[in-house]
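Student: I would like to go through this model and ask what stands behind each label. Please set each value against its cut-off.

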Amino acid sequence: MPPLPPTYGETRGLALMEGLEDAGTLVFTAADAVAVGKTRGMSPTQVHLLTSRLARAGWIRRIRRGLYATTGKLPGSVAPHDYLVALALATPSALSHRTALHFHGLSDQVPREIICTTTAKVVTPSMRHRGKGESVWVVDGLRVQLVNVRPERFFGIADVWVDQRTKVAMTDKERTVLDLVADPARFGGFGEALSILEAHHGSLDLPRLVSYARRYGVAVVAKRLGWALESFGVKGKVLAPLLAVPVKMVQPLDPRRTRVGPVIARWQLQDNLAAPLMR
């Protein structure tokens with residue numbers, strides 16, 4: 001690592017770092033740094049200069065323009081959890097999909113990337129350079145995928161502790177399972193989603209899951225969930241709200257397979273689980 005510049009103001013830099021950590025801002029914006037610097041008698045110009053020098057010195061790292069994180073290399077400082085870095089890329093956001101699936105013990109597979117759901121419209125560097133594509137950020141080797149949803153579908157979020165000092169927003173167990181049915185491609189396909197649901201439906205708050213499915217506002221998602229739960233032995237009034245969801249036409253069970261197979265009239269679904277995948 002290159003040495004600190006000769007003109008580096010070490011005392012002010014330490015004061016700024018101390019203020020940021022006292023405020024609990026291990027991941028911070030330029031505006032956060034300016035606000036902390038003001039409490040230490042520093043002007044915005046001084047703070048901007050200090051953050052640039054701190055980054056060159058390796059005491060903080062630049063995540064993207066105007067967004068920084070501590071590195072833990074300064075004695076007494078700590079680096080933020082990767083989840084905090086991921087969530088800082090878009091606001092509001094919550095850890096979701098495979099990341100939440102693994103955290104909740106619904107899958108033993110360790111995700112290769114962190115997945116966050118957000119209502120923000122994000123243009124990542126990969127999208128900027130390659131045109132349309134997945135919303136993926138890569139920060140010092142950390143790969144973060146951002147899944148955009150409508151504001152009315154940003155629900156089922158809870159604050160969870162992922163270690164002794166880090167609390168983050170994450171989809172709860174039932175919302176994570178709903179995403180299995182609503183967006184099965186992100187979990188390896190509808191068959192994989194069904195296997196996870198079959199193995200773990202007994203540990204779920206089923207009334208909450210059903211209410212989430214109705215709130216999601218997509219009829220076929222409610223019908224697929226209802227059919228799956230019934231197939232796994234769930235009976236009684238818990239399925240009634242899903243049966244009551246109106247549908248305009250028969251929809252395929254697996255959205256990625258061709259539409260051939262018998263119709264399940266009770267759920268207005270076409271059983272195409274044995275059909276070939278669409279190209």
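Labels and their grounds

Tutor: Asp82 has a relative accessible area of 37% and is partly exposed. This is a predicted model.

Student: Why is Asp82 called partly exposed?

Tutor: Buried means under 20% and exposed means over 50%. Asp82 has 37%, which lies in between, so Asp82 is partly exposed. Asp82 belongs to helix α4, residues 82-88.

Student: What makes Ile114 and Leu142 contacts of Asp82?

Tutor: Contact means heavy atoms within 4.5 Å. Asp82 touches both Ile114 and Leu142, with residues up to four places away in sequence not counted. Asp82 and Leu142 are 60 residues apart in sequence, and their C-alpha atoms are 7.7 Å apart in space.

Student: Is Thr166 buried or exposed, and how do you know?

Tutor: The relative accessible area of Thr166 is 1%, and the limit for buried is under 20%, so Thr166 is buried. Thr166 sits in strand β9, residues 166-171. Setting aside residues up to four places away in sequence, Thr166 touches His81, Leu84, Val160 and Trp161.

Student: Why does Val136 count as buried?

Tutor: Val136 has 7% relative accessibility, and under 20% is the requirement, therefore Val136 counts as buried. Val136 is part of strand β6, residues 136-139. From Val136 to Glu113 the separation is 23 residues in sequence and 9.5 Å in space, C-alpha to C-alpha.

Student: What share of the protein's residues is buried?

Tutor: Of the 279 residues in the protein, 47% are buried.

Student: What makes α7 mostly covered?

Tutor: Eight of the ten residues of α7 are buried. They are Glu174, Arg175, Thr176, Val177, Leu178, Asp179, Leu180 and Val181. These buried residues pack against α5 (97-103), β9, α8, α9 and α10.

Student: What qualifies a set of residues as a nonpolar core, and how many residues has the largest nonpolar core?

Tutor: The members must be buried, must be of a listed nonpolar kind, and must be joined through side-chain atoms within 4.5 Å. The largest nonpolar core has 35 residues, and Leu178 and Leu225 have the most contacts inside it. At least two residues of this core come from each of α7 (173-182), α8 (190-200), α9 (206-216) and α10 (219-231). With seven residues, α10 gives the most to this core.

Student: Which residues does Leu178 contact?

Tutor: Apart from neighbours within four places in sequence, Leu178 is in contact with Phe155, Leu209, Tyr212, Ala213, Tyr216 and Val221. There is also a second, separate core of 25 residues, which includes Leu95, Ala100, Ala120 and Leu146.

Student: Why would such side chains group together?

Tutor: In soluble globular proteins, nonpolar side chains tend to be buried together.

Student: How do you know that β2 and β3 pair?

Tutor: Two strands pair if there are at least two bridges between them. Strand β2 (residues 60-64) and β3 have four bridges, so they pair, and the sense is antiparallel. Arg62 has Tyr68 in β3 as its bridge partner. Two residues lie between β2 and β3, which form a hairpin, and Gly66 in the turn has a positive phi of about 80 degrees.

Student: How many bridges does β3 have with β1?

Tutor: Strand β1 (residues 27-29) and β3 pair over three bridges in the antiparallel sense. Thr29 stands opposite Leu67 in β3.

Student: Which way do the residues of β3 point?

Tutor: In β3 (residues 67-70), Leu67 and Ala69 point one way, Tyr68 and Thr70 point the other way, and all are buried.

Student: What makes β10 and β11 edge strands?

Tutor: Each of β10 (251-252) and β11 (263-264) pairs on one side only. The open sheet has the order β10-β12-β11, with mixed pairing. Two bridges join β11 to β12 (residues 269-270), and that is enough for a pair because at least two are needed; these strands run antiparallel.

Student: What is the volume of the largest pocket, and what kinds of residue line it?

Tutor: The largest pocket holds about 220 Å³ of space. Of its ten lining residues, Arg98, Glu113, Ile115, Gln145 and Arg186 are the closest to its centre. The lining divides into three nonpolar, two polar and five charged residues.

Notes. Residues are numbered from 1 along each chain as its sequence is written. This is a predicted model: local features need pLDDT of at least 70, side-chain atom pairs count only at pLDDT 80 or more; totals for chains, interfaces and linings use all residues. Side-chain values use heavy atoms; hydrogens and water are left out. Buried means under 20% relative accessible area, exposed over 50%, partly exposed in between (1.4 Å probe, protein chains only). On a 1 Å grid over the protein atoms alone, a cavity is a set of points where a 1.4 Å probe fits but cannot get out, and a pocket is an open set with protein on both sides within 12 Å along at least five of seven lines; lining residues have an atom within 4 Å of a point. Grid points are joined across faces, edges and corners, and a volume is the space filled by probe spheres set on the points. Ala, Val, Leu, Ile, Met, Phe, Trp, Tyr, Cys and Pro count as nonpolar, Asp, Glu, Lys and Arg as charged, and the others, Gly among them, as polar.
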